Amino acid sequence: VKKIAVLTSGGDSQGMNAAVRAVVRSALFRGLEVYGVQRGYQGLLNEDLRQMDLRSVGDIIQRGGTILQTARCKEFLTPEGQQRGAEVLRKNGIDGLVVIGGDGSYQGANKLSKLGIKTMGLPGTIDNDIPFTDFTIGFDTAVSIVVDAINKLRDTMTSHERSSVVEVMGRHCGDIALYAGLASGAESILVPEVPFDIKEISSRMKENFQNGKRHSIVIVAEGAGKGEDISREITEYSGIEPRVTVLGHIQRGGTPTHNDRILASRLGDFAVQKLTEGDSAKGCGIIKGELVTTDIDKVVSTKKGFDMDLYNLAIRLAQ
Ligand code: ATP
């Protein structure tokens, strides 16, 4: 490959900019020309491409969001749309593409690879729901934001001897709830991967309060239920009236943590290296600290595993 392009697609996440910067600079370092595609696959179909130089990715490593912007694009779901996307790239002499996004974006990259464009996927989502990587770009920052919010809630809860239900993002994946729950000492962690019994949780809360616990936090992954519903059920079973906090999109914003910036930098560079080696249709990830590639076909057809050891530890420590 001589000319490559990079785009961000699907939901944004912190660290996408650091990944774009790594792709651009790593490509230039290797003597490639590199283009940025605005607004994901939609921008590709609109031929919204611009050549990137060292300076076009200056001062972005610390910024949330994505300077390339992102979009969801219905037209790209059709074979005609994909065909046109490949033509736009070919017309501009581009034979390699790095796609930063979630599994939908990966599937788009897979389709383009079948049309002769070499593609690499980078896991850009706060949800940590992509398999064959221990972490996705943005997850670490999202967890930090949740932990920070729970610290603040704890201060006021302890003063008033209250309980809180905190609803966090993650779609069908409980990792944000798990990691933030462990890091913030939540009493209960409700995730879609593990069945739970609100009745039992409620009586444990009641017991703990009777035994002198001054606050209690229940963290709920959005895939496990709505904070409001969980709180209502706890009140029904125990009389305790937990306050509900839904953190929402603040989890997707703000400056990325150093972990996300380093992950994004390593993965961005790795994706370009793999393209120059002629590799294609792969998702890039990090497993036990090692950079790895996995066929996109396999990535999108595998469900991400859940770390039961970590979950059990969190529960053991939250007595
Ligand atoms: P997130 O998990 O953050 O939402 P995502 O990448 O999964 O990110 P999607 O909306 O599923 O987000 O996908 C982004 C875009 O990728 C879609 O709008 C569409 O243009 C393209 N895409 C999704 N699925 C496919 C597919 N099966 N084939 C081709 N393109 C696809």
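**Helix packing, ligand shell and annotated sites**

Tutor: Start with H7 and H8. From H7, the residues Ile198, Lys199, Ile201, Ser202, Ser203, Met205 and Lys206 meet Ile230, Glu233, Ile234, Tyr237 and Ser238 of H8. Bear in mind that this is a predicted model.

Student: What is the class make-up of the contact of H7 with H8?

Tutor: It has 6 nonpolar, 3 polar and 3 charged residues.

Student: And at what angle do H7 and H8 pack?

Tutor: About 65°, with the axes 9 Å apart. H7 covers residues 198-210 and H8 covers residues 227-238.

Student: Is the crossing of H7 and H8 left-handed or right-handed?

Tutor: Right-handed.

Student: Now the other pair. How do H6 and H11 pack?

Tutor: At an angle of about 35°, axes 9 Å apart. H6 spans residues 175-184, and H11 spans residues 308-317. Their crossing is left-handed.

Student: Which residues make the contact?

Tutor: On the H6 side, Leu178, Gly181 and Leu182. On the H11 side, Leu310, Tyr311, Leu313 and Ala314.

Student: How many charged residues in the contact of H6 with H11?

Tutor: None are charged. The contact has 6 nonpolar residues and 1 polar.

Student: Where does Ala186 lie?

Tutor: In the loop between H6 and strand E7, which is 188-190. Ala186 touches Gly181, Ile217, Val218, Ile219 and Ala318, leaving out residues up to four places away in sequence. Gly181 is also one of the H6 residues in the contact with H11.

Student: How far apart are Ala186 and Val218?

Tutor: They are 32 residues apart in sequence and 5.9 Å apart in space, C-alpha to C-alpha.

Student: Why does Ala186 count as buried?

Tutor: Because it has 25 C-beta neighbours inside 10 Å, and the cut-off for buried is 20 or more.

Student: On to the ligand. How many residues surround it, and which are the closest?

Tutor: 17 residues surround the ligand. The closest are Gly10, Gly11, Gly102, Gly104 and Gly108.

Student: Which helix gives the most to the shell?

Tutor: H4, residues 103-114, with 6 residues.

Student: And the shell by class?

Tutor: 10 polar, 4 nonpolar and 3 charged residues.

Student: Which residues does UniProt list for "binding site"?

Tutor: The unreviewed UniProt entry lists Gly11, Arg72, Cys73, Gly102, Asp103, Gly104 and Ser105. They are spread over 95 residues of sequence but cluster in space, with a largest C-alpha distance of 14.0 Å.

Student: Take Gly11. Where is it, and what is it in contact with?

Tutor: Gly11 is in the loop between strand E1 (3-8) and helix H1 (16-29). Beyond its neighbours within four places in sequence, Gly11 is in contact with Gly102, Thr125 and Arg252. Gly102 is itself on the UniProt "binding site" list.

Student: So are Gly11 and Gly104 buried or partly exposed?

Tutor: Gly11 counts as buried, because 21 C-beta neighbours sit inside 10 Å. Gly104, in helix H4, is partly exposed, with 16 other C-beta atoms within 10 Å.

Student: What does UniProt list for "active site"?

Tutor: Asp127, again from an unreviewed entry. Asp127 is in the loop between strand E5 (118-123) and helix H5 (139-160).

Student: What does Asp127 touch?

Tutor: Thr136, Met169, Gly170, Arg171, Cys173 and Ile176, with residues up to four places away in sequence not counted. Asp127 is buried, with 28 other C-beta atoms within 10 Å.

Student: Where are Phe132 and Gln69 found?

Tutor: Phe132 is in the loop between E5 and H5. Asp127 is found in that loop too. Gln69 lies in the loop between strand E3 (49-51) and helix H3 (79-91).

Student: Buried or partly exposed?

Tutor: Phe132 is buried, with 20 other C-beta atoms within 10 Å. Gln69 is partly exposed, with 18.

Notes. Residues numbered from 1 in each chain as written. Predicted model: local features only at pLDDT ≥ 70, side-chain atom pairs only at ≥ 80, totals over all residues. Near = placed C-beta within 6 Å. Helix = DSSP H or I, 4+ residues; strand = E, 2+ residues; numbered from the N terminus. Nonpolar A, V, L, I, M, F, W, Y, C, P; charged D, E, K, R; others polar. Axes fitted to C-alpha atoms, helices over the stretch in contact; angles between N-to-C directions. Left-handed = near helix turned anticlockwise from the far one by under 90°. Contact = placed C-beta atoms within 7 Å. UniProt positions renumbered as here; feature names shortened; annotations may be inferred. Buried ≥ 20, exposed ≤ 12 C-beta atoms within 10 Å, placed from the backbone.
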